[in-house]
Amino acid sequence: MVSSHDRPVRLRWLLNALAEQTVAPEDLEVIVAHDAGASETQHLLAEHPLALTGHLRALAFAPGSVGPSAKRDAGWRAARAPLILFTDDDCRPPPDWVARARAAARAHPGNIIQGATRSDPDEADVLRGAPWAHTVIVEPPTVWAQTCNIVYPRELLERIDGFDHALGVGEDTDLARRAIRTGAQLVADPELLTYHAVLPAGLPGALRSLGRWGDMALLIKRHPDLRRHVFAGIWWKAEHAALAAAVTGTVLGRRQRRSALLAVPWVAMAMRHRGYGPRGLLRSLSELPGRAAIDAVETAVLAAGSVRHRTVLL
């Protein structure tokens, strides 16, 4: 089951990967729920070989009318299979993905199977070169239960009534937490692998994308046990706490020079991204303002969400 939004090239690569799966064609149905306005996506979904052989069905929504949770919910409900494999349109699984998922589900009936997600090796140069490139890396099990590579029995999804459409983010985590409360287990299968695209972005684009994280506070409010998995119970990322300390140290440093040492932890975290060779350190140094902006905007978005949902997550 695939949730898609205006990425026809990425979606084509995913569909091609699904067409190359080692399972028999009759054992696979592909559901793509999308809100793409582009005719290229509509043409792809109508003319792809999977569609021509009857193994691909598309569910279309008006552009921008629904979020990922609603699309995923519609997708699994439209499926006929007893086993639902979730992925995204920016992923590319290897040929044994479906076969491994089916084997894992048979070995652990009634449970959630979470696979591994790694950066697409064909795009490694983008990850090394673009300063604000985005990818997803998941080594299971994770409490967040990301839907880029996860398997649910249909019966379990029906029992918990699927995704909560009210969540703008974290709907996959919410789904897993509710399923676990009914007695299901989250089982890790590192051999169940998919590759996630490396998506280059400029700093303005990276900053604009952060607004979606405001509902993380609502997720934490609904599932307080998740606080054990965030820094000190209130910080979504350790970098946010370190940046707050750095700002405090900068302000106090005008009076007490030692206070400037409070900036050291954040600087150390920000300098680790490019390695510790001379070139890596120079690149990390040049990226410090951008990383400070990202951490500051994320913290501000989370703070606004905390006020809106009346719980603290920064």
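Exposed, in these notes, means over 50% relative accessible area, while buried means under 20%. I'm working from a predicted model.

**Helix H5**

I started with H5, residues 97-107, and looked for what is tucked away. Trp97, Val98, Ala101, Ala104 and Ala105 come out as buried. Those residues span an arc of only 130° around the axis, which puts them on the same side of H5. Then I checked the other side of H5, where Arg106 and Ala107 are exposed.

Next I asked myself: what do the buried residues of H5 pack against? I found helix H1 (8-19) there, along with strands E4 (83-88), E6 (112-119), E7 (150-153) and E8 (186-196).

**Cavity**

The volume of the largest cavity is about 60 Å³. I listed its lining: Arg10, Trp13, Asp89, Asp90, Cys91, Arg92, Asp120, Glu123, Tyr195, His196 and Ala197. H1, E8 and strand E5 (91-92) each give at least two residues to that lining. Sorted by class, I have 6 charged, 4 nonpolar and 1 polar residue in the lining.

**Asp120**

Asp120 sits in the loop between E6 and helix H6 (124-129). Is Asp120 buried or exposed? Its relative accessibility is 5%, so I count Asp120 as buried, given the cut-off of under 20%. Skipping neighbours within four places in sequence, I noted contacts from Asp120 to Arg92, Tyr195, His196, Ala197 and Val198.

Terms used. Residues are numbered from 1 along each chain as its sequence is written. This is a predicted model: local features need pLDDT of at least 70, side-chain atom pairs count only at pLDDT 80 or more; totals for chains, interfaces and linings use all residues. Side-chain values use heavy atoms; hydrogens and water are left out. Buried means under 20% relative accessible area, exposed over 50%, partly exposed in between (1.4 Å probe, protein chains only). Helices (H or I, at least four residues) and strands (E, at least two) are DSSP runs, numbered from the N terminus. The arc is that of the directions from the helix axis to the C-beta atoms. Contact means heavy atoms within 4.5 Å. On a 1 Å grid over the protein atoms alone, a cavity is a set of points where a 1.4 Å probe fits but cannot get out, and a pocket is an open set with protein on both sides within 12 Å along at least five of seven lines; lining residues have an atom within 4 Å of a point. Grid points are joined across faces, edges and corners, and a volume is the space filled by probe spheres set on the points. Ala, Val, Leu, Ile, Met, Phe, Trp, Tyr, Cys and Pro count as nonpolar, Asp, Glu, Lys and Arg as charged, and the others, Gly among them, as polar.
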